[in-house]
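This report covers selected features of one structure. The sequence and the model are shown below.

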Amino acid sequence: MAATKASKEQKYDRQLRLWGDHGQEALENAHICLINATATGTEILKNLVLPGIGAFTIVDGHTVTGEDVGNNFFLSNNSIGKNRAQAATELLQELNSDVSGNFVEESPDKLLDNDPEFFHRFTIVIGVQLPESTCLRLGSVLWNASVPFLVCKTYGLLGYMRLVVQEHTVIESHPDNALEDLRLDQPFAEFQNHVKSYDLDSMDKKDHSHTPWIIIVAKYLEKWFSEHNCRLPKNYKEKEAFRQFIREGILKNENGVPEDEENFEEAIKNVNTALNLTKIPSTVEDLFNSEQCNSITSQSPSFWVMLRAVKEFVHNEGNGSLPVRGTIPDMIADSQKFINLQNVYREKALQDAAAVSKHVECLLQSVGKPPESIAEKDIKLFCKNASFLRVVRCRSLAEEYSVDSVNKDEITSCMDNPDSEMVFYLMLRAVDRFYQQHSRYPGVYNYQVEEDISKLKLSVNSLLQEYSFNVNIKDDYIHEFCRYGAAEPHTVSAFLGGSAAQEAIKIISHQFVPFNNTFIYNAMSQTSATLQL
Amino acid sequence: MHDGQISMCCVSRMAVDGGHRDGGCDWDGRWNHVRKFLERPGPFTHPDFEPSTETCKILVIGAGGLGCELLKNLALSGFRLIHVVDMDIIDVSNLNRQFLFRPKDVGRPKAEVAADFINSRIPGCKVVPHFKKIQDLDESFYRQFHIIVCGLDSIIARRWMNGMLISLLSYEDGVLDPSSIIPLIDGGVEGFKGNTRVILPGMTACIDCTLELYPPQINFPMCTIASMPRLPEHCIEYARILQWPKEKPFGVTCLDGDNPQHIQWVFERSQERAAEFNITGVTYRLTQGVVKRIIPAVASTNAVIAAACATEVFKIATSAYIPLNNYLVFNDVDGLYTYTFEAERKENCSACSQVPQDLQFPPSAKLQEILEYLTENASLQMKSPAITTTLEGKNKTLYLQSVKSIEERTRPNLCKTLKELGLSDGQELAVADVTTPQTVLFKLNFTA
C-alpha cells in the first residue's frame with residue numbers, strides 16, 4: 001500500500017503542484033460517464049484517465065466503423081464491427097491502471113427510456129456528438145438529479161462545449177493576479193502595536209535598511225494622517241507627495257548623498273497598491289445577498305454555512321471587513337523582522353478564523369447539526385480564500401431552448417458582427433434542426449454537398465423564425481457547414497478534449513473556475529468565445 | 001504577412017497523403033474525416049487551395065508532454081512520414097501526461113518508445129526516432145523537412161532551433177528564396193497556460209524577435225540566501241548552492257535532482273536552516289520543485305496546445321486554410337481564454353534581421369561590461385557568450401567560458417578596457433552562444 005502511494009505521488013507530482021493532495025483525492029473519488037466514444041469523447045476521457053480519476057463508464061450503442069478508427073487513437077482496425085464502448089474502454093483503461101473502466105453497450109436514448117436513474121450515480125456526465133433531442137432529454141434528467149452535465153461537439157473545424165450545472169461553488173479559485181490583503185488603510189490593533197515597536201529615526205543603518213516596506217509605509221502613513229486630518233493620500237498628486245515623503249526618509253551619508261536603501265525603494269514602488277482601500281469584492285457582496293446565504297437550513301451545503309458565518313463576522317468582529325488573509329509578499333528585510341511581521345498577520349488571520357468558527361458553530365447548532373460537521377481546517381481554508389469565492393450557476397438547457405426564455409439579447413447583439421463566433425452557435429442549432437428533419441447531417445456524402453445547401457438554409461430560416469431572431473446569417477457559413485459533412489477531424493477533437501477535461505476536473509475538484517456556459521472554438525481562425533446562453 | 005506570400009512558399013504544393021497512395025494498410029472509410037477538408041472547396045479555404053497527393057515530411061522536436069500529443073495528432077491527420085528528436089529518457093513523473101509511455105518504459109529513450117507506440121497503433125504511419133540533442137544534428141538533417149513543429153521545454157533550445165532554420169535561408173541579391181523557408185510551429189505550456197505560434201523564418205517574427213515575451217528567470221539574491229532567508233525557498237537554495245558544494249555529500253560534486261537521496265539531503269539541511277530562522281513551509285515537494293525548477297504540468301493543457309499546433313501544420317501542409325497569423329495564447333484558470341495576435345518582426349533582431357548588432361560603449365569600458373550586456377539585455381539574454389574578433393589579420397578569442405583552460409587564459413581580458421585590447425571603432429565582434437547555432441555579429445560603436 002505504501003509503495004503504491006509513493007509511486008502515485010511521483011507519477012502525479014506535476015499535477016499535485018496545481019491542485020494539491022485534496023484535489024487529487026476528489027478526482028480519485030469521481031466516477032465519470034462518457035456518452036459516445038467518438039474521437040472527441042476518447043480524447044476528453046484520455047485527459048481524465050491520465051490524471052487518475054477513480055472510474056469511468058462509457059455509454060455507447062454504436063458499432064465501430066472504419067471511419068471511426070481513422071480519427072480515434074483509442075480504436076484500432078481490429079475493433080471494426082465491435083461495440084464502440086467496449087473497444088474504446090480497453091484502450092483507455094490501458095493508459096492508467098489506477099483507473100477503473102466500465103462500459104454499457106446501449107444508446108443513451110434507450111437508457112433514458114428504461115432506466116434514467118442510471119445516470120444519478122455519476123459525478124459528472126459528458127455527452128459527445130449527441131443529437132438535440134437526446135441532449136434535452138438527458139439534460140432534464142441530470143438537472144433534476146443535480147448531476148453536472150457537459151455537452152461537447154466537434155463539427156468540422158468547430159468545437160462546442162456547454163456546461164449545465166445548477167450551482168457550483170468554488171472556494172479555491174486560485175486567481176492569477178490577486179491583490180495582497182495588507183490592511184494599511186485600516187490597520188488592526190496588533191499591527192499598529194507592532195509598528196510602534198519600530199523607531200526609524202533611532203535605528204542603526206543596518207536595521208534601517210532592512211526594515212520591511214510595509215512597516216515603512218505604515219509609519220509614514222501615520223505621519224501623513226496627523227498632518228492631513230486623518231485622510232489617506234487620494235489622488236495622483238497626493239500619492240506623489242507621499243512617495244516623496246518616504247524618499248526623504250532614506251538615510252544620507254556624511255556628504256548628504258542618499259544611501260542605497262532597497263527597502264525604501266520597495267516602499268515607494270508599492271505605494272499605489274498599498275493604499276488600495278480594503279474592500280469586500282462585489283462578487284462576495286453578491287453572495288452575501290443571495291438566498292442560500294440568508295436562509296441556512298440543515299440541508300445547506302457547508303459552503304453556504306461558512307459564507308453566512310463570514311457574513312456574521314463582517315458585521316461583528318470584522319467591523320465591515322473580511323477575515324484577514326494572513327499572507328504577506330516577500331520583501332527586502334532581515335529574517336527576524338520579516339518573520340515577526342509575517343506572524344502578526346498570521347496570528348490575526350487565526351484569530352479571525354476562530355471568530356468565524358464560532359459563528360459556524362452557532363449556525364450548525366441552530367439547524368440541529370453537530371459542530372464537527374464542518375472541520376476547522378475547512379473553515380481556515382475558506383477564510384483564507386474569502387476574497388476569491390466564486391459561485392457558478394448555469395441556465396438549464398430547457399431555459400436555453402425555450403422560446404420564452406431564450407437569451408435573445410445576447411444572440412442578437414453578438415450578431416451585430418455577422419462573423420462573431422455566435423454565428424457558429426446558430427449554425428450548430430440549424431444543423432441539429434436539419435438532423436431532426438432528415439435523420440442525417442448535411443453534406444456527409446460528396447454528392448449531397450450542393451443540394452443540401454438549400455435544405456440547410458431552410459433549417460436556418462426555420463430556426464431564426466421560431467425564435468424571432470432578427471439576424472442575418474451569411475450564405476458562406478451555410479455553404480461551409482455543408483462542406484464539413486459532420487466531419488470530426490482529430491486535431492479539433494483533441495483541442496476540445498483538453499478543454500473539456502479540464503472543465504470536468506474543475507467541477508470535480510471544486511478548484512479553479514469553470515466557464516459559464518457555452519464555449520465555441522474556431523480552428524479556422526484559432527479564436528474562441530464564451531457565451532452565456 | 002500577406003496571403004500572397006504564403007503561396008510563394010514551397011509548402012503550398014505539399015499535402016497530407018489523403019489515402020490515395022499507400023492503399024495497402026488503409027481500410028474502408030479510414031480517412032473520411034480528413035478528406036472532407038482536402039477534397040472539397042469552400043468559402044473559407046485558402047485562395048491557392050488545390051487538393052494534392054504528395055507526401056509531407058514533418059519533424060517533431062520533443063517527445064514529451066507536447067511531443068506525444070503532436071505525434072498522435074499528426075498521425076491521425078494523415079501525415080505518414082514523421083521524425084522525432086528527444087534527448088531524454090522516461091521518468092515516472094512523465095506518466096501523468098506523456099501517454100505513449102508506461103511504467104515498464106521508465107529509463108528508456110522517449111523518442112524510441114514514442115515512435116514504437118505510434119507505429120504500432122497507427123498502421124501506415126512511420127515515425128523515425130532520434131535519441132539525440134537537437135544540437136547533435138546538422139543542416140543536412142533539418143533541410144529534409146517541409147515543416148518543423150516544436151514541443152520543447154527550454155527557451156535556449158527553441159532559440160537554437162530558430163537560429164538553425166534561419167541559417168538555412170538563402171538570399172539571392174538580397175531577396176529571400178521562398179523554397180529555403182521551413183515553417184516552424186512552436187508550442188509552449190506551463191500549468192494551465194500555453195501558447196502556439198507560427199514562424200516563417202525570414203518572413204515573420206522569429207523567437208528572438210519576441211524574446212521579451214520570455215522574461216529572464218528570477219534567481220534569489222545571494223545575500224538573501226546567505227544571510228537573510230525569509231522564505232522556505234531561500235533555505236532550500238542555501239542548502240543547494242552553498243552547503244552542497246562545501247560538504248560534497250556522497251562524495252559527489254554534482255547535485256542530481258533526479259536522485260531521491262540527493263533531494264532528501266537538501267530537504268533535511270533546508271529544514272535545519274529554516275528552524276534556525278523560524279521559517280515554516282519547507283516540504284520535500286517544495287525542495288524538489290526548487291532544486292529541479294519544476295514547472296507544474298497536466299495532460300489537458302498539453303492536449304490543447306499540441307492540437308492547435310497540429311491544426312496549423314495541417315493548414316500549412318495542405319493550404320486548406322490561411323494559417324494562424326501568428327501567435328495564440330491560451331489560459332484556462334478562469335473559464336477558457338484565448339487571444340490571437342500578430343507578433344511583429346524586430347527590425348534589428350539579433351537572430352533574423354541579418355543586420356550586425358550595435359554595441360555602444362566608450363573605449364574606456366571594460367570587456368566585462370560587454371559580457372554583462374550580452375547576458376542581461378532583455379533582447380539578447382545570452383547564457384555564456386564567447387567573444388572573438390579579428391586583430392591584425394588574426395582570429396583572437398577575447399573571452400570564452402566553456403573551456404576551462406581558455407577561460408583561465410582569457411579571464412584577465414575582462415578587466416581590460418576595449419582600447420587596451422586593441423579594439424577600434426567599427427570593429428566587428430563575433431559572439432557564439434548556446435542560444436544560437438550561428439555566431440552573431442556585433443559592431444562596436446564607440447561613444448564619448
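## Helix α3 of chain A

In α3(A), the buried residues are A:Ala39, A:Thr40, A:Gly41, A:Thr42, A:Glu43, A:Ile44, A:Leu45, A:Lys46, A:Asn47, A:Leu48 and A:Val49. Buried means under 20% relative accessible area, exposed over 50% and partly exposed in between, with a 1.4 Å probe and protein chains only. The helix runs over residues 39-49 and is mostly covered, with 11 of its 11 residues buried. Helices (H or I, at least four residues) and strands (E, at least two) are DSSP runs, numbered from the N terminus.

A:Thr38 lies in the loop between β1 (31-35) and α3 of chain A. A:Thr38 counts as buried because its relative accessibility is 8%. Leaving aside neighbours within four places in sequence, A:Thr38 is in contact with A:Asn72, A:Arg84, A:Val128, A:Gln129 and A:Glu488. Contact means heavy atoms within 4.5 Å.

## Basis of the values

The model is predicted: local features need pLDDT of at least 70, side-chain atom pairs count only at pLDDT 80 or more, and totals for chains, interfaces and linings use all residues. Residues are numbered from 1 along each chain as its sequence is written, chains are lettered from A and ligands numbered from 1 in the order in which they are written, and side-chain values use heavy atoms, with hydrogens and water left out.

## Chain A as a whole

Chain A has 23 helices and 10 strands. Its C-alpha trace spans about 90 × 55 × 45 Å along the principal axes. Of the 533 residues in chain A, 57% are buried. Among contacts in chain A between residues at least 6 apart in sequence, 69% join residues at least 24 apart.

## Aromatic pairs

Over all chains, a search of the whole structure finds 32 aromatic pairs. Rings of Phe, Tyr and Trp (its six-membered ring) pair if their centres lie within 6.5 Å; planes under 30 degrees apart count as stacked, over 60 as edge-to-face and the rest as tilted. A:Phe188 and A:Phe191 form a tilted pair, 6.0 Å centre to centre with 50° between the planes. A:Phe188 is buried at 9% relative accessibility, and A:Phe191 is buried at 1%.

The pair of A:Tyr435 and A:Tyr441 is stacked, because the ring centres are 4.5 Å apart and the planes are at 25°. A:Tyr435 is partly exposed at 29% relative accessibility, whereas A:Tyr441 is buried at 18%. A:Tyr435 and A:Tyr441 belong to one aromatic cluster with A:Tyr155, A:Phe424, A:Tyr477, A:Phe481 and A:Tyr484.

## Helix packing in chain B

Helix α8 (residues 232-247) and helix α10 (residues 284-291) of chain B pack at an angle of about 60°, with their axes 10 Å apart. That angle makes α8(B) oblique to α10(B). Axes are lines fitted to C-alpha atoms, for helices over the stretch in contact, and angles run from 0 to 180 degrees between N-to-C directions. Angles under 35 degrees count as roughly parallel, over 145 as roughly antiparallel, 65 to 115 as roughly perpendicular and the rest as oblique.

In this packing, B:Pro232, B:Glu233, B:Ile236, B:Glu237 and B:Arg240 of α8(B) meet B:Leu286, B:Thr287, B:Val290 and B:Val291 of α10(B).

## B:Leu328

B:Leu328 is found in strand β9 (residues 327-331) of chain B and is buried, with a relative accessible area of 2%. B:Leu328 and B:Thr340 are 12 residues apart in sequence and 4.5 Å apart in space, C-alpha to C-alpha. Not counting residues up to four places away in sequence, B:Leu328 touches residues including A:Gln526, B:Gly194, B:Ala308 and B:Thr340.
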